Amino acid sequence: IGGPAGAFIVLVAATVRAHGMEGLILATILSGLLLLAIGFLRLGTYIKFIPYPVTVGFTAGIAVIIFASQIQPLLGLELTGPEQGPLLDKLPLLWSSLPTFDPVTLCLALATIAGILALRRLRPHWPGMLFAVAGAALATALFDLPVATIGSKFGGIPSGLPLPSLPEISLAKVQAVLPNAVSFALLGSIESLL
């Protein structure tokens, strides 16, 4: 995850945890309507008055949270306890899990990062992240590397698309997800400044 989308991970995960996928879809629809209303009312110009240090500080804070969430898969750690959400609770758990690190996973991760950096330098117009991740997936399949994959971790990717459907819309559900929708709309507006 890179760029502005990275900041949404925390909000999306919290919304799904609290309200499920239907709640996430409803919150997304409501945030879109809020953004349309902000646009029609010409309120978007007020977003520029949010100080730049606040925007950068918020984004940097989200970056630290995302980085901390990637340490476990980067090192191939087997957590010694239940996964923690708050950063200060997560760090001791990661530290106590360090003896379980997997050298194959770490080498594959470092090779992928090196590939991204090399392609960024040698071929800056190529989608380096896409090539590096595809190369890592190919190496994992060809050499049957003992690393966690989407299939082993999440059960694979569905072979077909789900049929489109609208979530249940009721006043109680709208009230429940409205704070999440406002957060999505505000974050989308703020991130548009970057």
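This is a short walk through one predicted protein model, from the whole chain down to single residues.

Hi everyone, and thanks for coming. Some ground rules before we look around. The model is predicted, so I follow the thresholds that come with it: local features need pLDDT of at least 70, side-chain atom pairs count only at pLDDT 80 or more, and totals for chains, interfaces and linings use all residues. Residues are numbered from 1 along each chain as its sequence is written, and side-chain values use heavy atoms, with hydrogens and water left out.

Let's start with the overall picture. The protein chain has seven helices and zero strands, and reading along the sequence gives α-α-α-α-α-α-α. Helices here are DSSP runs of H or I with at least four residues, strands are E runs of at least two, and both are numbered from the N terminus. Along the principal axes, the C-alpha atoms fill a box of roughly 55 × 40 × 40 Å.

How much of the chain is buried? Of its 194 residues, 23% count as buried. Buried is under 20% relative accessible area, exposed is over 50%, and partly exposed is in between, with a 1.4 Å probe and protein chains only. The chain exposes about 13,300 Å², and carbon and sulfur atoms supply 73% of that area; accessible areas come from the Shrake-Rupley method with a 1.4 Å probe, and for residues only the protein chains shown count as cover.

On to contacts, meaning heavy atoms within 4.5 Å. Among those between residues at least 6 apart in sequence, 66% join residues at least 24 apart.

Now for a helix pair. Two packed helices are described by the angle between their axes and the distance between the axes. For helix α4 (residues 103-122) and helix α5 (residues 128-142), the axes come within 8 Å and cross at roughly 145°. The axes are lines fitted to C-alpha atoms, for helices over the stretch in contact, and angles run from 0 to 180 degrees between N-to-C directions. On the α4 side, the contact includes Leu 108, Thr 112, Gly 115 and Ile 116, while α5 brings residues including Gly 128, Phe 131, Ala 132 and Ala 136.

Which residues does Asn 180 touch? Asn 180 sits in helix α7 (residues 171-191) and counts as buried, at 16% relative accessibility. Leaving aside residues up to four places away in sequence, Asn 180 touches Thr 15, His 19 and Ala 27.

Ile 71, in helix α2, is also buried, with a relative accessible area of 18%. Its C-alpha atom is separated by 26 Å from that of Met 21, 50 residues apart along the chain. Gly 32 belongs to helix α1 (residues 5-40) and is partly exposed, with a relative accessible area of 27%. From Gly 32 to Trp 95 is 63 residues in sequence and 40 Å in space, C-alpha to C-alpha.

Finally, a look at backbone angles. Most residues other than glycine have a negative phi. Arg 42, though, has a phi near 60°; Arg 42 is in the loop between α1 and α2 (52-75) and is exposed, with a relative accessible area of 65%. Asp 144 is not a glycine either, and has a positive phi of about 50°. Asp 144 is placed in the loop between α5 and α6 (150-154), and at 64% relative accessibility Asp 144 counts as exposed.

That's my tour, and I'm happy to take questions.
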